[in-house]
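Subject: Structure handover

Hello,

Please find the structure we discussed below. My notes on it come after.

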Amino acid sequence: MLKYILKRLLLGVMTIFVLATVVFFGMKMMPGSPFSRDNKAIPAATIQALNEKYGLDKPVTEQYVIYITNCLHGDFGDSISKKGQPVAEIIASRLPVTAKLGVIAFAFAMITGISLGIVSALTRHRFVNSLITVFATIGVSVPGFLLAMLMMVFFSVKLGWFSIVGLEHWTSYIMPVLALSFSPISSITRLTRSSLRDVMGSDYITLARSKGTKEIWVVIKHGLKNALLPVITYAGPMFAGMITGSLVIETLFSIPGIGKEFTNSIQNRDYTLCMGLTILFGCLIIVMTLVSDIVAAIVDPRIKIDK
């Protein structure tokens, strides 16, 4: 397993390098300048001084070498739109807010999705199964931002139950968490239902029942252990996506997280902040995908990950 982990980490480093390269040159190809926003005229001398300050007056290849070298030392440079504030400090201050929201949404999605999937797979009531199927279908069809806006109009504007700005109170988490987790809940429900149905028809389940094992223990000990493997594989990238936050959701609810910062960095052409956040997102996805593979191998030893 150690060999596999080292191999995946090396592949992840190469992926991050390619990602940083593509993002760097992609940002350079964008029209306009980060110092000329809102159609405001800026003296040429001022722009030249700013370019020299941020090293934008150097050749692009030289800028690239300097940036990659600094990244290897953990220095992502200073934000252009935030008056020279280090990108690392921005990430450190914003990431806990997004991480807390993402962890809550992840836990809610996993518990709710697995529970609905189990009920749908084992229930003999056609109405209950049809209801869960309709919910799962709607969940994968309705975008999270649309659900967020509908909840904002109904629960905040019409009923006045929840605040739509920030995360000042525990009730402020309800709508963002639902918007973030609605689609994952549907996907987890569908994965759990289909996988558990296949597993419950296996020979070893029949053998466990023939030994007189109670049905609940047959489901928990023998059924779920194998049925949850697709869910575990899906959970890694899903957790990375939630932990980094939804760009639109954080903007809609004015949540001061890295998702909102990423949106602002694109709008403001903040090269350094945009590239730093992109590298962060890539690292989280790679790490969580590796973690999900390792957890799947621990749950089912038949999975060989040493190759």
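What follows is a summary of the findings, from the overall fold down to single residues.

The model is predicted, so please read the values below as computed from it.

Overall fold

The protein has 13 helices and zero strands. Read from the N terminus, its elements run α-α-α-α-α-α-α-α-α-α-α-α-α. Of the 307 residues in the protein, 41% are buried.

Helix H1 covers residues 2-29. Its 28 residues should span 40 Å at 1.5 Å a residue, and the end C-alpha atoms are 41 Å apart, so the two values agree. The buried residues in H1 are Tyr-4, Gly-12, Ile-16, Ala-20, Thr-21, Val-23, Phe-24 and Met-27.

Helix H5 (residues 126-141) contains 16 residues. From first C-alpha to last it reaches 22 Å, close to the 22 Å expected at 1.5 Å a residue. Asn-129, Ile-132, Ala-136 and Gly-139 are its buried residues. Because these cover an arc of only 90 degrees around the axis, they lie on the same side of H5. The face turned away from that buried side carries the exposed residues Arg-126, Phe-127, Leu-131 and Ser-141.

Helix H10 (residues 229-243) has 15 residues, which should span 21 Å at 1.5 Å a residue; the end C-alpha atoms are 21 Å apart, so this agrees as well. H10 also has a kink of about 30 degrees at Ala-235, shortly before the proline Pro-237. Ala-235 is itself buried in H10. Other buried residues of H10 include Leu-229, Val-231, Ile-232, Gly-236, Met-238, Phe-239, Ala-240, Met-242 and Ile-243.

Nonpolar surface patch

A nonpolar patch on the surface is formed by Phe-145, Leu-146, Met-149, Leu-150, Leu-247 and Val-248. Together these residues have about 480 Å² of accessible area. Helix H6 (144-158) and helix H11 (247-252) each supply at least two residues of the patch. The most comes from H6, which gives four residues.

Val-248 is found in H11. Its relative accessibility is 41%, so Val-248 counts as partly exposed, the range for that class lying between 20% and 50%.

Lys-260 lies in helix H12 (residues 258-267). With a relative accessible area of 27%, Lys-260 is partly exposed.

Two further pairs

Cys-283 has its place in helix H13 (residues 271-299). Its relative accessible area is 32%, so Cys-283 is partly exposed. The C-alpha atoms of Cys-283 and Ala-240 are separated by 9.1 Å, and the two residues are 43 residues apart along the chain. Ala-240 is one of the buried residues of H10.

Leu-180 lies in helix H7 (residues 174-200). At 12% relative accessibility, Leu-180 counts as buried, because the cut-off for that class is under 20%. Leu-180 and Ile-104 are 9.8 Å apart in space, C-alpha to C-alpha, and 76 residues apart in sequence.

Regards

Note on methods. Residues numbered from 1 in each chain as written. Predicted model: local features only at pLDDT ≥ 70, side-chain atom pairs only at ≥ 80, totals over all residues. Heavy atoms only, no water. Expected span 1.5 Å × (residues − 1). Bend = angle between axes of the 7 residues up to and from the residue. Buried < 20%, exposed > 50% of the residue type's maximum accessible area, 1.4 Å probe, protein only. Patch = residues over 30% accessible without salt bridge, like charges linked within 9 Å, V, L, I, M, F, W, Y side chains within 5 Å. Areas by Shrake-Rupley, 256 points an atom, 1.4 Å probe, with all protein chains shown as cover. Salt bridge = Lys/Arg side-chain N within 4 Å of Asp/Glu carboxyl O. Arc of directions from axis to C-beta.
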